[in-house]
Amino acid sequence: MSSEEFSFSDHSHRRFNPLTRTWVLCSPHRAKRPWLGQVEEATVEQRPPYDPHCYLCPGNRRATGAQNEQYTTTYVFTNDYAAVHPDQPACSRDSLAQIVGTNHTGAEDLFQVESTSGQCKVVCFSPRHDLTLPELPVDDICGIIRAWQDVYTELSLSSGIEYVQIFENKGAMMGCSNPHPHGQVWALSEVPTEPATEIASLKAFAQTHAQSDQSHQQPCLLCTYVEAEIANASSTSGSANRIVVQNDSFVALVPFWAVWPFETMVIARPHLADITRLSPKQTVDLAAVLKELTCRYDNIFKCSFPYSMGLHQSPTTTHPDSEYCHFHMHFYPPLLRSATVRKFLVGFEMIAEPQRDLTAEQAASRLRAQSLVHYKQNTTPEDHE
């Protein structure tokens, strides 16, 4: 080991993610290397308020021939190209034998299949074809949150549904097939791998720390983490602050264990199992944080910042482990150096473990430095918060 003093901004290190129980390798010195790799085409966002050829705009016909309502607020409909369907036959032993054969004595556990059923919905955020989350008024974002609450409640109570996932893929870079701002909801008959892992971690933390907690409240991993990050932000220099936005109800931060360059989490400050537990004020607070965070995203590279975003909460309103769940949201944006240079999870990251160049602290500092005025409306780019 070198006698040189360790620096988080210069020296490689690994950070632990307690939610997924995985590690990420941080190599901050690599951010200085020249880039001669792939460069994406810069997209110029000049969409009209209404596009007669868009399958999601009000009143238009979709590819299947179904017609959208002349909606004026958030609009929810059943996905025409759903990933799962309500009526799904079971996969029998004979069905499995068609693809794995029968001559595998002792290897039965290596060929497991579960038939998966469910429902899929599309949530159009606004009738406006040209407005993404950071460009919508807070009141309109509150409408989106209420739509999420309604569809989450409805699907939670549907027969055979064990998990409801609300998410958004923004931008062609993230595989979004239609530029009209929208999200999706997939409801499944099983809890998927990622949320199941998080819930197991939350439950294990609560049970492990229950005996040492003298407050008679159930210990929560994310409650503890948020409190620690708030305390850290108020007691350390800005270079160690990972919080980007906060208000009475929510904190948006770059997690200590972030993988993607500008990855963030939006975490409820009170312990809330799911989105239906939000009070009217908490709904407004969440909308305000989402608007500010996504505005800062867009302002980094003066573009409509692509990302995949998803809500993690109790799998359903009645799930037996709901008491351990803590409502939060994940944002995974791919951009690294500019609007045209993205991060790839390849090589070592696929074969060994994720790796990042920019530290979480550096990313949070970059985000905090952005203006609260969206770049499309900002006539003085140097005028920051």
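**Entry 1: ground rules**

I note that this is a predicted model, in which local features need pLDDT of at least 70 and side-chain atom pairs count only at pLDDT 80 or more, while totals for chains, interfaces and linings use all residues. Residues are numbered from 1 along each chain as its sequence is written, and side-chain values use heavy atoms, with hydrogens and water left out.

**Entry 2: the whole chain**

I counted 7 helices and 14 strands in the protein chain; helices (H or I, at least four residues) and strands (E, at least two) are DSSP runs, numbered from the N terminus. The radius of gyration is 22 Å, which agrees with the value near 21 Å that a compact globule of 385 residues would have; the radius is taken over C-alpha atoms, and the globule rule is 2.2 Å times the number of residues to the power 0.38. Along its principal axes the C-alpha trace spans about 65 × 55 × 50 Å. Of the 385 residues, 50% count as buried, and the accessible surface comes to about 19200 Å², with 53% of it belonging to carbon and sulfur atoms (Shrake-Rupley method, 1.4 Å probe; for residues, only the protein chains shown count as cover). Among contacts (heavy atoms within 4.5 Å) with a separation of 6 or more, 70% come from residues 24 or more positions apart.

**Entry 3: the cores**

I then looked for nonpolar cores, meaning sets of buried Ala, Val, Leu, Ile, Met, Phe, Trp, Tyr and Cys residues joined through side-chain atoms within 4.5 Å. The largest has 53 residues, and Trp 148, Val 266 and Met 329 have the most contacts inside it. Helix α2 (residues 138-156) gives the most to this core, with 9 residues. Apart from it lies another core, of 15 residues, among them Leu 19, Phe 205, Val 226 and Val 251. Returning to Trp 148, I listed its contacts beyond the neighbours within four places in sequence, and they are Val 123, Phe 125, Ile 166, Ile 275, Leu 290, Met 309, Leu 311 and Met 329.

**Entry 4: strand β1 and its sheet**

I found an open sheet of 3 strands in the order β1-β2-β14, with mixed pairing; two strands pair if DSSP finds at least two bridges between them. β1 and β14 (355-356) stand at the edges with a single partner strand each, so one side of each is left without a neighbour in the sheet. β1 and strand β2 (residues 22-26) pair in the antiparallel sense over 5 bridges, with Arg 15 opposite Val 24 and Asn 17 opposite Thr 22.

Which residues make up the covered face of β1? They are His 13, Arg 15 and Asn 17, whereas Arg 14 and Phe 16 form the uncovered one. His 13, in β1 (residues 13-17), is buried at a relative accessible area of 10%. The side chains of His 13 and Arg 15 are joined by a polar contact of 3.0 Å (a pair of N or O atoms within 3.5 Å; within protein, one must be able to donate a hydrogen and the other to accept it, and residues adjacent in sequence count only if both atoms are side-chain atoms). Leaving aside neighbours within four places in sequence, His 13 is in contact with Phe 6, Phe 8, Val 24, Leu 25 and Cys 26.

**Entry 5: positive phi**

Most residues other than glycine have a negative phi, and I therefore looked up the exceptions. β1 and β2 form a hairpin with 4 residues between them, and Arg 21 in the turn has a positive phi of about 55°; Arg 21 is partly exposed, at 46% relative accessible area. Lys 302 has a phi near 55°, lies in the loop between α5 (280-301) and β10 (307-312), and is partly exposed at 44%.

Ala 360, in helix α7 (residues 360-368), is buried with a relative accessible area of 2%. Beyond its neighbours within four places in sequence, Ala 360 is in contact with Arg 15, Arg 242, Val 254, Pro 255 and Phe 256. Thr 72, in the loop between β2 and β3 (75-78), has its C-alpha atom 30 Å from that of Ala 252, 180 residues apart along the chain.

Notes: Buried < 20%, exposed > 50% of the residue type's maximum accessible area, 1.4 Å probe, protein only.
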